[in-house]
Number of protein chains: 2
Amino acid sequence: MDRVFNFSAGPGTLPAAVLEEAREEMLVYKDAGASVMEISHRSPQYTELAETTRQHFRDLLGIGHDWKILFLQGGASLQFHQTALNFLTAGAVGNYVVTGAWAEKALAEAALIGEIHTSASSADGNHNHIPDPDSWDVSDKAAYVHITSNNTIFGTQFAGDPDPGVPMICDASSDFLSRPIDMDKYGLIYAGAQKNIGPAGVTVVLVKDSFLDRIPQGLPTLMDYRTHASKLFHTPPVFAVYMVEKVLRWIKQGGDLSAMKQRNDEKAALLYERIDIGDFYRGHALTGSRSNMNVTFNLPTEQLEGQFVAEAKSHGLVALKGHRSVGGIRASIYNACPRKGVEALASFMSDFEKQNG
Amino acid sequence: MDRVFNFSAGPGTLPAAVLEEAREEMLVYKDAGASVMEISHRSPQYTELAETTRQHFRDLLGIGHDWKILFLQGGASLQFHQTALNFLTAGAVGNYVVTGAWAEKALAEAALIGEIHTSASSADGNHNHIPDPDSWDVSDKAAYVHITSNNTIFGTQFAGDPDPGVPMICDASSDFLSRPIDMDKYGLIYAGAQKNIGPAGVTVVLVKDSFLDRIPQGLPTLMDYRTHASKLFHTPPVFAVYMVEKVLRWIKQGGDLSAMKQRNDEKAALLYERIDIGDFYRGHALTGSRSNMNVTFNLPTEQLEGQFVAEAKSHGLVALKGHRSVGGIRASIYNACPRKGVEALASFMSDFEKQNG
């Protein structure tokens, strides 16, 4: 069977060149005489691999060694708990900008730990927009403001990096390394790898040294970010890190993050143009809040939406069914989704409208 | 470069046939039109994969659906915290049998949660034995007795499944599925996959329904075992589960766990015979407590130990350096370590002794 154009919301598509390289090395990694999955995490091979991967992050994001780069596990869902456990200290308030289902979950986990405050919410419009940062209500005692930079389900995305006056914690799972980031605005950024930077199984956490200093004593060892910042404490998810290294190298081969953003903007524009051309397709996200990672839209009827998904699949365009919270169609066009795939989808959208509009 | 005989303590060697199958499927998994790393964890392909993997566990261990089989992340180190958080409830005492470094860490994490008690310890003999279960001091209010079934660093292993009168929680990371288990003795068994059943990145947790009922309310969502027992809550480490499925299928192809135990016993005997034949090699573990997963021994001098490791490597026998707590040599001969590799090591040991003894 051939490879299809895969619009899965996550785990998402990976660059074919990355998969080919992994295939090539599957039985023997470099000079190890064994697969990368079979070597000690204390071996020179893994040590070099991890450091190379960290350097890719530094190069792409323009950060130095005052940022610690951690390869953790448990996904964004565990980070909802862990960020609060480390930074929602006594007397402080965790501020949350609620722009979708994942932000709601982050807030709910923090509420189990300490005092929380909703700085802004887009719930009134079924999360079809990003609340204007100028309108956010940030507590006096805010320990941080937590944002979700891209909202997979609803197809909204922050246009840039807000400045709420306190360090932000960002769940960047669904748009990480899809564009430049103004790192000065953040204390910690976390991202499950499985959308833009690798396979499921590793959560990349970037945390500033000065932010680490705020962590109280007595936390469970694995939950304390300092455990991982100070040394390689336990076995990391070696293969997932190995894949992230390849994906980051692939990103760098295409230029910097501005170049990546431009490619992503252009891909997304191909679909939004199709949506805006008439009344057949209706975008869920408001224009200024549109995501260039997840393009969400509805058709005139649910029946047509079902037909769209089925016919697209027969054309090799798969995983387009929208999340039940929005319904309709969701095209996830992360970094590795090739422009050719997006062009094929845009073309299919035109044809489908002609036949059914 | 060719594949070597790999005695890494973990991540450990995988069956070559498993790696070859993964290589074959790297770009397209079954009818998915994409790599297994690129498909949704809600897809029919992953749903079937996870259920097949669970069925392998049920088949091999002879358990039914009253055991939940969870694919978590964070390794044994996170389980040290999570088991205590779920089961070390108010008024109860966590009992620990301390047979090595990992058991010590498990106990230390539990001490952050509640009351703990050391039922037995082998610290007096630098953990060269498993304390006789008849001598264990189990608290009246014991919530559980926690054991480490095999001790990677020291090369000791429980000879069977003790019966301390309360359910046991077992860290089986380093001998899981290397032999049959009397599951009735346990409430929960956990294992990082990277020694006997797959690559790093997935922690398999088996937990009995009746044990789940003991969990208190209000735990962090990801830390509550019931979150994962009731449904697929968040993105699992898909590729690691995929590899575990293949390794378990490979185990079943070789027969049941009794057959696996026999092969492991025979492999270990090849090395212990070499050790016992004279005074040149001195085994660390006492005879009745010897591990058939990690064979630990010393040579007359540290210099000879260094020479042994270096010469072995030049013969394609790698990762034999012992842990600093014991020094000397550690040969990790998990399920997937081929008999041929163990024979080559035994033969090398004879030659090395002849030349240096």
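Q: How many salt bridges cross the interface of chain A and chain B?
A: The rule finds two there. Keep in mind that this is a predicted model.

Q: Which residue of chain A does B:Glu38 form a salt bridge with?
A: B:Glu38 pairs with A:Arg3. Their closest N and O atoms are 2.8 Å apart.

Q: And how many residue pairs are in polar contact between chain A and chain B?
A: The count is 19 residue pairs, with both residues at pLDDT 80 or more.

Q: Which helices of chain A supply at least two residues each to the side that touches chain B?
A: There are four to look for: α1 (16–24), α3 (75–87), α4 (101–111) and α7 (238–253).

Q: What's that side made of, by class?
A: It has 27 nonpolar, 20 polar and nine charged residues.

Q: How many residues does each chain put into the contact?
A: Chain A gives 56 residues and chain B gives 55.

Q: What area is buried between chain A and chain B?
A: About 4,400 Å². Carbon and sulfur atoms give 64% of that.

Q: Which three residues of chain A supply more of its buried area than any other three?
A: A:Leu27, A:Met37 and A:Glu38. Together they supply 16% of the area that chain A buries against chain B.

Q: New topic. What domains does chain A have?
A: The assignment gives domain 1 (17–253) and domain 2 (256–356).

Q: How far apart are their C-alpha centres?
A: The centres of domain 1 and domain 2 of chain A lie 27 Å apart.

Q: How many residues does each domain bring to the contact?
A: Domain 1 of chain A brings 27 and domain 2 of chain A brings 23.

Q: And the buried area there, what is it?
A: About 2,100 Å² is buried between the two domains of chain A. Carbon and sulfur atoms give 56% of it.

Q: Which residues stand out on the domain 1 side?
A: A:Asn128, A:Ile153 and A:Gln157. They supply 24% of the area that domain 1 of chain A buries against domain 2, more than any other three residues.

Q: Which elements of domain 1 give two or more residues to the side touching domain 2?
A: In chain A, they are α2 (44–61), β6 (150–151), β7 (156–157) and α7.

Q: What classes of residue make up that side?
A: On domain 1 of chain A, the side has ten nonpolar, 14 polar and three charged residues.

Note on methods
Residues numbered from 1 in each chain as written. Chains lettered and ligands numbered in written order. Predicted model: local features only at pLDDT ≥ 70, side-chain atom pairs only at ≥ 80, totals over all residues. Heavy atoms only, no water. Contact = heavy atoms within 4.5 Å. Buried area = accessible area lost by both parts, 1.4 Å probe. Salt bridge = Lys/Arg side-chain N within 4 Å of Asp/Glu carboxyl O. Polar contact = N/O pair within 3.5 Å; in protein donor to acceptor, adjacent residues only side chain to side chain. Nonpolar A, V, L, I, M, F, W, Y, C, P; charged D, E, K, R; others polar. Domains from an automatic or database assignment.
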